[in-house]
Amino acid sequence: MTIREIVKSPNDILTKKTKKIVKFDRNLAKLLDDMYETMLENDGIGIAAPQVGESVRVAIVDLGEGEEPIELVNPEVLQTEGSVIEIEGCLSFPELFGEVERPFYVRVKAQERNGDWYELEAEDYEARAILHEIDHLDGILFDSKILRVVDPSELEEEVDE
């Protein structure tokens, strides 16, 4: 596995809609493995292929918590419900944090690395992370959704409380 460099904004690859995966092969498996290692190395909870320089519909979300990482290949949002505003950050925007409104619930259809389809339901923070990564695959960056920029010192205050 290779730790790849994170593509930082501004970069055109981050604002383009990605291509659908059609070959479920060793190259896809390597990309997923590299993305996972890169995400962990950079203390992320999610990463999308454009963030490692690949314009394909692949993302990973891993909240830790003893759960397996969620690999999303060719994901499609089937349903969303509710709304909540929370603070987000992004590996492609170091030092930028902001309040973003997203659905509280999401139901997604995606493929696994072997091509099998599955459906996933998520709520709250997990739903937020999944939707953030799917936005990346559509060329939508979280900075365009920020309602209020949050100073990093505010994040430290929340942790201390």
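This is a predicted model: local features need pLDDT of at least 70, side-chain atom pairs count only at pLDDT 80 or more; totals for chains, interfaces and linings use all residues.
Residues are numbered from 1 along each chain as its sequence is written, and side-chain values use heavy atoms, with hydrogens and water left out. Local features need pLDDT of at least 70, side-chain atom pairs count only at pLDDT 80 or more, and totals for chains, interfaces and linings use all residues.

Reader: Which residues form the aromatic pair, and what is its geometry?
Author: A search of the whole structure finds one aromatic pair. Rings of Phe, Tyr and Trp (its six-membered ring) pair if their centres lie within 6.5 Å; planes under 30 degrees apart count as stacked, over 60 as edge-to-face and the rest as tilted. The centres here are 5.5 Å apart and the planes make 75°, giving an edge-to-face pair of Phe 93 and Phe 142.

Reader: How many residues apart in sequence are the parts that this pair ties together?
Author: Helices (H or I, at least four residues) and strands (E, at least two) are DSSP runs, numbered from the N terminus. Phe 93 lies in strand 5 (residues 93-102), while Phe 142 is in the loop between helix 2 (124-137) and strand 8 (146-150). So the pair ties together parts that are apart in sequence by 49 residues.

Reader: Is Phe 93 buried or exposed?
Author: Buried means under 20% relative accessible area, exposed over 50%, partly exposed in between (1.4 Å probe, protein chains only). Phe 142 is buried, and Phe 93 is also buried.

Reader: Over the ring of which residue does the charged end of Lys 109 sit?
Author: A charge sits over a ring if NZ of Lys or CZ of Arg is within 6 Å of the ring centre and within 35 degrees of the ring normal. The charged end of Lys 109 is 4.8 Å from the centre of the ring of Trp 117.

Reader: What span should helix 1 have?
Author: The expected span is 1.5 Å times one less than the number of residues. Helix 1 has 16 residues, and its end C-alpha atoms are 22 Å apart.

Reader: What does Asp 34 touch, beyond residues up to four places away in sequence?
Author: Asp 34 belongs to helix 1 (residues 26-41). Its relative accessible area is 2%, so Asp 34 is buried. Counting contact as heavy atoms within 4.5 Å, Asp 34 touches Met 1, Thr 2 and Arg 4.

Reader: What is found at the start of helix 1, and what just after it?
Author: At the start, a side-chain oxygen of Asp 25 comes within 3.1 Å of the backbone nitrogen of Asn 27. Just after helix 1, Asp 43 has a positive phi of about 60°.

Reader: How many residues apart are Glu 54 and Arg 4?
Author: A salt bridge is a side-chain nitrogen of Lys or Arg within 4 Å of a carboxyl oxygen of Asp or Glu. The structure holds 15 salt bridges, and one joins the side chains of Glu 54 and Arg 4 at 3.1 Å, N to O. Glu 54 is in the loop between strand 1 and strand 2, and Arg 4 is in the segment before helix 1, a separation of 50 residues.

Reader: Where is Arg 128, and what does it contact?
Author: Arg 128 is in helix 2. With a relative accessible area of 4%, Arg 128 is buried. Leaving aside neighbours within four places in sequence, Arg 128 is in contact with Val 84, Ile 85, Glu 86, Glu 88, Val 100 and Arg 102.

Reader: With which side chain does the side chain of Lys 17 make a polar contact?
Author: Lys 17 is in the segment before helix 1. Its relative accessible area is 58%, so Lys 17 is exposed. A polar contact is a pair of N or O atoms within 3.5 Å; within protein, one must be able to donate a hydrogen and the other to accept it, and residues adjacent in sequence count only if both atoms are side-chain atoms. At 3.0 Å, the partner of Lys 17 is Asp 138.
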